Amino acid sequence: MKRLDLWPFLGPVLGLFLAAAVLWPALAADAFEPPERGLVAAFNYPGLTLGPGEDFDLNLTLRNTGRLDDTFLVTVTASPAGWDTEIRSFARVITGLFLPGQDQAGLSLVARPGDGRPPEPGVYNFQVRVESLDGQLRREAACAVTVRERAGGGQALTVSTTYSELRGPSDGRFSFSLDIKNPGGEDGLVGLGVTAPDGWEAWFKPSYEDKQVSSIQIPKGQSRTLNLDVTPGFKAAPGRYPLKVRASSQWGEAGAVLTVELTGTYQIRLMTANELLSGSTEPGQPLTMNFFVLNEGSAPQREVK
């Protein structure tokens, strides 16, 4: 039987395969090489539905799709009127960040009504702009948040106080009496929180008790009275300072805005020029001692005698 020689046919085919194997890595590298600069910015959930009292903590992803490192500015460009918003990376509030080429970062847009009250049912729109320092790269990201109606209707938690404003010296201590009521249909543990100016101390404690608490159990249809004790910061100047109180549970959230008006501190000091309280003179000769009256408080001192 005559043997068939296939090499004349297979040779060219194998040559093509070998050439493709050599050229393919270079062609693939050119085809998939990222651009010099690029940016992607988007909310992880551009459409979101929250229950009554849930926090507005919206996750945002930034990705540098270019080969070069870049720095980006982040700005909230749209939010509901009267709301407080900030961009956070873990516990830090940021306005910009550095991203190496082909790297990404996760941020959060944290939003809350400025009056401390839970938002009404409805749709709330937010928008964030991310751009490079030179303005050549810019992306907009939008998110629509829907707050559901409370099951069964009506408010499931209330916070009230007899006196929402207190006035006193800057070195004083202020105590607000708060009444937290659960008119809902189930028992629950209520978490407590307060936003105070920097350097101030504020804590909750049950009435007629000296222990500090961060939550309290309230049976359905009942209320509990708590004290919010506040100590101003050491260098707090005279003026009006708001404090935002929040009470939250699995079935709702409520809040109240309290105000402390500082009138300043009142303290005067009498001293000699050399701070010595004794002197010497010859018999029959006068002794002159100079005294200074110092206002060591932060408020004016009038009619000093």
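A search of the whole structure finds 6 aromatic pairs. Keep in mind that this is a predicted model.

Start with F56 and Y124. They form an edge-to-face pair. The ring centres are 6.0 Å apart, and the planes stand at 90°. Where do the two residues sit? F56 is in strand β3, and Y124 is in strand β9, residues 122-132. They are 68 residues apart in sequence, so the pair ties together separate parts of the chain. Are they buried or exposed? F56 is buried, with a relative accessible area of 4%. Y124 is buried too, at 14%.

Next, W200 and Y241. Here the ring centres are 4.9 Å apart. The planes meet at 45°, so this pair counts as tilted. This pair also links distant parts of the chain. W200 lies in the loop between β14 (188-195) and β15 (201-206). Y241 lies in strand β18, residues 239-249. The separation is 41 residues. Both W200 and Y241 are buried.

Now back to F56 and Y124 for the cluster. Which residues form it? F56, W83, Y124 and F126 form one aromatic cluster.

Stay on strand β3, but move to N64. Strand β3 covers residues 56-64, and N64 is in it. Is N64 buried or exposed? Its relative accessibility is 1%, so N64 counts as buried. What does its side chain meet? A polar atom of the N64 side chain lies 3.1 Å from the backbone oxygen of L99. For the backbone oxygen of P100, the distance to a polar atom of that side chain is 3.3 Å.

G47 lies in strand β2, residues 47-50. Its relative accessibility is 57%, so G47 counts as exposed. How far is its C-alpha atom from that of C143? The two C-alpha atoms are separated by 5.8 Å. Along the chain, G47 and C143 are 96 residues apart.

To recap. F56 of strand β3 pairs with Y124 of strand β9. G47 is exposed.

Conventions: Residues numbered from 1 in each chain as written. Predicted model: local features only at pLDDT ≥ 70, side-chain atom pairs only at ≥ 80, totals over all residues. Heavy atoms only, no water. Helix = DSSP H or I, 4+ residues; strand = E, 2+ residues; numbered from the N terminus. Buried < 20%, exposed > 50% of the residue type's maximum accessible area, 1.4 Å probe, protein only. Polar contact = N/O pair within 3.5 Å; in protein donor to acceptor, adjacent residues only side chain to side chain. Phe/Tyr/Trp six-rings, centres within 6.5 Å; stacked < 30°, edge-to-face > 60°.
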